[in-house]
Amino acid sequence: DGMEGFVDKDDSNVMYGMIQFGAMYRTDNGGNTLIGLPEPGSGSGDWVSPFEQDPTVTNTIYCGYNIVYKSTNKGGNWTAISQSFGSNLRNLKIAASNNQVLYASRGNALYKTEDGGATNWVQTTIPGGGINSIAIHPTNPNKVAVATTSSSKVFVSDDGGATWQDYLFNLPNFSALALIWDDNGNDGLYLGMNYGIYYIDNTFTEWQPYSNNLPNVQIAELDINNTTNMLYAASYGRGLWVSPLVDDVLSV
């Protein structure tokens with residue numbers, strides 16, 4: 001897996017990066033110099049620790065160890081915003097439409113807060129299988145999808161994790177590794193597997209292969225740029241790939 005990193009949403013000269021076990025860095029000058037950020041708490045994170053930026057508030061970032069920590073000053077210092085989950089978190093996501101709603105996972109357990117961690121996070125119903133990826137719908141913080149190690153591969157909840165729909169449909173027997181929703185008005189959902197990318201939305205009853213000249217490689221992470229309408233896929237060993245979104249291709 002690749003380590004987590006991101007470019008600041010407000011200032012492209014500010015970038016954040018992470019190395020194994022959760023050690024974090026920041027540059028304020030486009031990479032000319034690096035600042036080591038203090039690690040919160042004691043102990044280290046997972047080999048690939050969750051590292052995320054707040055979708056709305058400037059200079060606010062989050063990291064997941066066995067506790068979720070938040071910094072409002074670009075990583076200068078950290079505040080715990082969860083109870084201890086007992087072991088290191090694998091995934092952490094913040095709802096783009098409401099930054100008080102966050103989901104985190106470790107193993108097969110999914111946790112949720114609706115108040116930014118002011119009270120203890122609540123464990124949702126277990127979808128099934130170890131959770132490889134969490135995707136929160138861009139406009140509905142209670143609509144969440146998970147890619148799992150179970151035979152059903154993907155589950156979707158419309159009620160914040162209380163109940164789950166099986167989204168296996170016609171998926172091949174590959175590993176489900178990465179998920180992202182597209183804000184396209186049709187609940188578009190992209191899935192990265194260890195071979196290729198698949199797409200589904202409200203107009204389809206089955207997943208559509210969407211490899212689009214992609215080599216047969218493991219897709220570890222997906223991202224969408226809605227300004228340019230491009231889908232980015234990070235592969236294991238074959239670099240970064242980019243393609244127009246389904247809507248643009250299907251409308252040609």
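**Close-up views of a predicted model**

**View 1. A salt bridge joins D28 and K74.** In this predicted model, the side chains of D28 and K74 come together in a salt bridge, with 3.4 Å from N to O. The pair ties together distant parts of the chain: D28 sits in the loop between β3 and β4, K74 sits in the loop between β7 (68-71) and β8 (79-80), and 46 residues separate them. How exposed is D28? Its relative accessibility is 31%, so D28 counts as partly exposed. K74, at 19%, counts as buried, because buried means under 20% relative accessible area. There is a further partner to look for here: R26, D28 and K74 are linked in a network of salt bridges.

**View 2. E52 and K93 pair across two strands.** Here the side chains of E52 and K93 meet in a salt bridge, 3.0 Å from N to O. Which strands does this pair link? E52 belongs to strand β5 and K93 to strand β9 (residues 91-94), distant parts of the chain that lie 41 residues apart. E52 is buried, at 16% relative accessibility, while K93 is partly exposed, with a relative accessible area of 26%.

**View 3. E114 and K112 form a salt bridge.** The closest N and O atoms of E114 and K112 are 2.9 Å apart.

View 4. To find D54, look in the loop between β5 (51-53) and β6 (61-64). What does the side chain of D54 reach instead? It reaches the backbone nitrogen of V57, at 2.8 Å. Leaving aside residues up to four places away in sequence, D54 touches K9, T60, Y62 and N99.

**View 5. N59 has a positive phi.** Stay with the loop between β5 and β6, where N59 is also placed. The phi of N59 is positive, at about 60 degrees, although N59 is not a glycine. N59 counts as partly exposed, with 29% relative accessibility.

View 6. Strand β14 covers residues 144-148, and T148 is part of it. The side chain of T148 reaches two backbone atoms: the oxygen of G128 at 3.2 Å and the nitrogen of S150 at 3.1 Å. Beyond residues up to four places away in sequence, T148 touches several others, among them G129, G130, I131 and N132, as well as K153, F155 and A176.

View 7. What is the phi of K153 near? It is near 70 degrees, a positive value in a residue other than glycine. K153 is buried, with a relative accessible area of 8%.

**View 8. I19, Y25 and L34 make a nonpolar surface patch.** Together these residues form a patch of about 280 Å². L34 lies in the loop between β3 (23-27) and β4 (35-37). With a relative accessible area of 61%, L34 is exposed.

**View 9. N213 is an exposed loop residue.** Where is N213 found? Look in the loop between β20 (208-209) and β21 (219-225). At 74% relative accessibility, N213 counts as exposed. To place N213 in space, find S243 as well: the two are 30 residues apart in sequence and 9.2 Å apart from C-alpha to C-alpha.

Technical notes. Residues numbered from 1 in each chain as written. Predicted model: local features only at pLDDT ≥ 70, side-chain atom pairs only at ≥ 80, totals over all residues. Heavy atoms only, no water. Patch = residues over 30% accessible without salt bridge, like charges linked within 9 Å, V, L, I, M, F, W, Y side chains within 5 Å. Areas by Shrake-Rupley, 256 points an atom, 1.4 Å probe, with all protein chains shown as cover. Salt bridge = Lys/Arg side-chain N within 4 Å of Asp/Glu carboxyl O. Helix = DSSP H or I, 4+ residues; strand = E, 2+ residues; numbered from the N terminus. Buried < 20%, exposed > 50% of the residue type's maximum accessible area, 1.4 Å probe, protein only. Polar contact = N/O pair within 3.5 Å; in protein donor to acceptor, adjacent residues only side chain to side chain. Contact = heavy atoms within 4.5 Å.
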